[in-house]
Amino acid sequence: MNKTLRYQSNLMYLVVCIVLILGSVAMTMLGANENIMEATYQYLFMLIPVVVYILLSNQSFKTVLRLKKVSVKSMLLALLIAIAAQPFISLVAIAMQQLFPSYGMMYMPEEGSSQLYSLFLIALTPAICEEVFMRGVVLHGHRGLSV
C-alpha cells in the first residue's frame, strides 16, 4: 500500500507540475490580466487537481490533509513567534530591496486595489494552495519514510 501511495503521490506531483506549466502558457497566450491570472492560477491548476485526486483515490480529506484541531497555546505561540520575527523580516526585506531594487515591484498591488485583496492574492492564496498540495498530497504519500 505504501509503495502504491508513494507512486500516486509522485505521479500527482508530476501531473500538477505539467498542468501548472501548460496552464501558465495558455493563460499568457490568452492575454489574461495578471491579477486574474495570479488568483486563478493556483486554485485552478493546483488546488482543483488535488481535490480531484483525493476524491478519485477514495481517501479521506481529513487523513490526507492531516486536519487536526489547533490548541489555543499553539496559536498564541505562533503569534508570538511572528511578532518576534518581524524586525528580522524587515531587515531581510530592506537588504533584498537594496540588492534587487526591481524585484519588489513584481508584487506591488495595482493602484486602486484594496489591501484585503492584496493580502488575499499575495499571502493567503499561495499558503492555502501550496500547503494543501505539498503537505497534503505529496507528504501523505511519503509518510513513514526515513530522511
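These legends go with a set of close-up views of a predicted model.

**Figure 1**
The protein chain has an average pLDDT of 83, and 90% of the residues score at least 70. Confidence is highest in helix 4, with a mean of 91, and lowest in helix 2, with a mean of 81. A word of caution for any predicted model: where pLDDT is low, the coordinates should not be read in detail.

**Figure 2. The largest nonpolar core has 18 residues.**
Look here for Met12, Val16, Met46, Val50, Tyr53, Phe133 and Val137, the residues with the most contacts inside this core. Helix 1, helix 2 and helix 5 each supply at least two of the core residues, and helix 2 gives the largest share, seven residues. In soluble globular proteins, nonpolar side chains tend to be buried together. Zoom in on Met46 and you can pick out its contacts beyond four places in sequence: Val16, Leu20, Tyr41, Cys129, Glu130 and Phe133.

**Figure 3. Thr125 sits in helix 5.**
Is Thr125 buried or exposed? Its relative accessibility is 1%, so Thr125 counts as buried, the cut-off being under 20%. Setting aside neighbours within four places in sequence, you will find Thr125 in contact with Glu38, Ala39, Gln42, Tyr43 and Phe120.

**Figure 4. Thr4 belongs to helix 1, which covers residues 2-29.**
With a relative accessibility of 44%, Thr4 counts as partly exposed. Now find Gly141: Thr4 and Gly141 are 137 residues apart along the chain, yet their C-alpha atoms are separated by 8.5 Å.

**Figure 5. Arg135 and Glu131 form a salt bridge.**
Side chains of opposite charge can pair when their charged atoms come close. In this view, the N to O distance between the side chains of Arg135 and Glu131 is 3.6 Å. The count of salt bridges comes to one. How far apart are the two partners along helix 5? Arg135 and Glu131 are four residues apart, so about one helical turn separates them. An α-helix has 3.6 residues a turn, so residues three or four places apart point the same way. Arg135 is exposed, with a relative accessible area of 54%, while Glu131 is partly exposed at 40%.

**Figure 6. Helix 4 bends at Gln86.**
The bend is about 45 degrees, and a proline, Pro87, follows within four residues. Helix 4 runs over residues 72-99, 28 residues in total, and at 1.5 Å a residue it should span 40 Å. The C-alpha atoms at its ends are 39 Å apart, which agrees with that expectation.

Technical notes: Residues numbered from 1 in each chain as written. Predicted model: local features only at pLDDT ≥ 70, side-chain atom pairs only at ≥ 80, totals over all residues. Heavy atoms only, no water. Expected span 1.5 Å × (residues − 1). Bend = angle between axes of the 7 residues up to and from the residue. Buried < 20%, exposed > 50% of the residue type's maximum accessible area, 1.4 Å probe, protein only. Contact = heavy atoms within 4.5 Å. Core = buried A, V, L, I, M, F, W, Y, C linked by side-chain atoms within 4.5 Å. pLDDT = per-residue confidence, 0-100. Salt bridge = Lys/Arg side-chain N within 4 Å of Asp/Glu carboxyl O.
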